[in-house]
2 protein chains.
Amino acid sequence: MIKPYVLGIDIGGTNTVFGIVDARGVVLASSSIKTQKHADFDDYLDELHTEVIRLLEANDALDKILGIGIGAPNANYYTGTIEGKVNLPWPSPLPLAQIVSEKFGIPVAITNDANAAAIGEMTYGAARGLRDFIMITLGTGVGSGIVINGQLVYGHDGFAGELGHTIIRRNNGRLCGCGRTGCLEAYCSATGVARTAREFLEIREDESLLRELPIDAITSKDVYDAAIKGDKLAKEIFEYTGNILGEAFADFTVFSSPEAIILFGGLAKSGDLLMRPLRESMEKNMLHIFKGKVKVIPSELKEADAAVLGASALGWEAGKANSAPNPVAVPAKTNE
Amino acid sequence: MIKPYVLGIDIGGTNTVFGIVDARGVVLASSSIKTQKHADFDDYLDELHTEVIRLLEANDALDKILGIGIGAPNANYYTGTIEGKVNLPWPSPLPLAQIVSEKFGIPVAITNDANAAAIGEMTYGAARGLRDFIMITLGTGVGSGIVINGQLVYGHDGFAGELGHTIIRRNNGRLCGCGRTGCLEAYCSATGVARTAREFLEIREDESLLRELPIDAITSKDVYDAAIKGDKLAKEIFEYTGNILGEAFADFTVFSSPEAIILFGGLAKSGDLLMRPLRESMEKNMLHIFKGKVKVIPSELKEADAAVLGASALGWEAGKANSAPNPVAVPAKTNE
């Protein structure tokens, strides 16, 4: 029997969102459960299973799921395991792919959220037909998924593509969550933009709409709202952020010479406020042979669907891996 | 008829070296001509053809060459063309692969010298069996060849892997030959090491064997010789160089998470003088999930043979591409 759908599951620290996706990238139906509610992983898995089965039954999709793709923090594609310190309530390493596969009787592949986004973009979005591109997710952190020769770059250990932790300021750099200083993420994530706002407000004297807000509560959204209203300081924060991203993108280009760098996440929707200084800085910093060659474009995935779509795209790989044996995905042990 | 050999040709600004190589990476015989002598490319090609045929005849290898691999500056694997400003006497773009293929009646593939070195290392050297590694060539410049999933990274335009032009000093960086400032190459090439020596000697007052030499004539070899004799300043030049390479390698690792970084070229033979500070700096600067995972090892190719071996490894690809049509190599138009 042909199985026309995949299931995408995005496991975040707060919520777990899942949806049924068809081959054209349409999310037929989706739902969610609270990740945080379950300190015990077995409890979590039971609720996830119950709610997924409910969703499948309601959409006449039981027995129609070819594979399950999961995006989760520090999820390792090769081992199927969540490894290292992550913002999830369960102990690690956690052999997620195997456990979920056994529970559902469906093959499962997992990767981190930024890699899932890259696969989603390649399968359904702005990167269709591109064989060499870099996905940059500008969220709480800066994530990345790198595609070379049409393949996601996992590296020898499954953890490649941590471009948010490229050192972009080597002297007096900002402290990063990773414990080092000067990482791209400390400047160009949503959090980084808010830090820039606080720095600018503290160091400078000029007026700004942002001075009306409690300084510790300022978010990147506040900066955006002020910039849209023409606030000079807020616009300069975007210049500053775009300038640093452009420097970083020029360095990424000497590595893999991508056809495009695709931006995803809240900041990526800032339009020309971010894109103009970013593109100018990238070209200014670019090695001559790459000048004018690299497109910087926003994601084409709807933000509400993107996490599920990205994860689901891995489900096709998992499903294929199940028919032709492949070390990549954990095949299901039972078939319901 | 089975063709058991390939021909490797390394085109440098001064000399062109070529050799007959078997499947185990043994250079059966090699020879060279002067690149510089021929302002006219047709003259050059005539002499190359004559000398190659002479070498093949002398080794009973005529009609036994499966393919020709060529390493040359700015040689583009995809287009088969030498593009941009290079240190060669002929106008560019030059459709090298096609011209040589037609002249010899043998399929030809070309790439730049650092990529050729990476393919050589993967085919015959320290990278055998590695699917994810980075080759760094420390010569007059800093070159690189990146292998991911067992494939050389060419990027969308064929020019990926210019890691010598990663910006490693963003403020007050040294001027690089590329016209920008702060490139890795301006610090860690043989030329960069000599520049460091001159800086140290000018800024500092302490004694050094290097002060016995005319300051403008100091080479990286002089620094090595002094360091080996225990000269403190010379040893600190290696510390400085290794420290910067380590910073760069930590950044490369967040991109592709290689199993190993392989060093090739004169400086790579400096042993612990360079390797100890390099490895210490790399680990100190490494993102936690990659600490202790990346090996830094010297090339296993004999330097005298390496250029020819590296180029020759591409000859196998060119030969295979000829039997199974493939956009990668230019198939021969005639078969002698």
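Helices and strands, as named below, are DSSP runs numbered from the N terminus, a helix having at least four residues and a strand at least two. In these terms, Asn172(A) is found in the loop between S10 and H4 of chain A. The model is predicted, and its local features are described only where pLDDT is at least 70. Chain B superposes on chain A by a rotation of 180° with 0.0 Å of shift along the axis, at an RMSD of 0.0 Å, and that is the relation of a two-fold axis.

**The interface between chain B and chain A**

- The contact brings together 41 residues of chain B and 41 residues of chain A, and because 100% of the interface residues of chain B are also interface residues in chain A, the copies meet through the same surface.
- About 3,600 Å² is buried between chain B and chain A, and carbon and sulfur atoms give 56% of that area.
- On the side of chain B, the residues that lose the most area to chain A are His156(B), Arg170(B) and Phe255(B), which together account for 23% of what that side buries.
- Six salt bridges are found across the interface of chain B and chain A, and the side chains of Arg170(B) and Glu247(A) meet in a salt bridge with an N to O distance of 3.8 Å.
- Polar contacts across the interface of chain B and chain A amount to 22 residue pairs, with both residues at pLDDT 80 or more.
- The elements of chain B that each supply at least two residues to the side touching chain A are strand S9 (142–148), strand S10 (151–152) and helix H7 (232–256), and H7(B) gives the most, with six residues.
- By class, the side of chain B that touches chain A is made up of 20 nonpolar, eleven polar and ten charged residues.

**The two domains of chain A**

- The domain assignment divides chain A into domain 1, which covers 5–117 + 303–323, and domain 2, which covers 130–298.
- The C-alpha centres of domain 1 and domain 2 of chain A lie 28 Å apart, and the contact takes 13 residues from domain 1 and 18 residues from domain 2.
- Between domain 1 and domain 2 of chain A the buried area is about 1,200 Å², of which 56% comes from carbon and sulfur atoms.
- Tyr78(A), Asn115(A) and Glu303(A) supply 42% of the area that domain 1 of chain A buries against domain 2 of chain A, which is more than any other three residues.

**Salt bridges**

- Over all chains, a search of the whole structure finds 38 salt bridges.
- One salt bridge joins Glu247(A) and Arg169(A), whose closest N and O atoms are 2.8 Å apart; because Glu247(A) lies in helix H7 (residues 232–256) of chain A and Arg169(A) in the loop between strand S10 (151–152) and helix H4 (185–188) of chain A, the pair ties together parts that are 78 residues apart in sequence.

**Backbone features**

- Most residues other than glycine have a negative phi, and most peptide bonds are trans.
- Asn172(A), although it is not a glycine, has a positive phi of about 55°.
- A cis peptide bond, with omega about 0°, joins Ser92(A) and Pro93(A), and Pro93(A) is found in the loop between strand S6 (81–82) and helix H2 (96–104) of chain A.
- In chain B, a cis peptide bond with omega about 0° joins Ser92(B) and Pro93(B), and Pro93(B) is found in the loop between strand S6 (81–82) and helix H2 (96–104) of chain B.

Notes. Residues numbered from 1 in each chain as written. Chains lettered and ligands numbered in written order. Heavy atoms only, no water. Domains from an automatic or database assignment. Contact = heavy atoms within 4.5 Å. Buried area = accessible area lost by both parts, 1.4 Å probe. Salt bridge = Lys/Arg side-chain N within 4 Å of Asp/Glu carboxyl O. Polar contact = N/O pair within 3.5 Å; in protein donor to acceptor, adjacent residues only side chain to side chain. Nonpolar A, V, L, I, M, F, W, Y, C, P; charged D, E, K, R; others polar. Least-squares fit on C-alpha atoms with pLDDT ≥ 70 in both.
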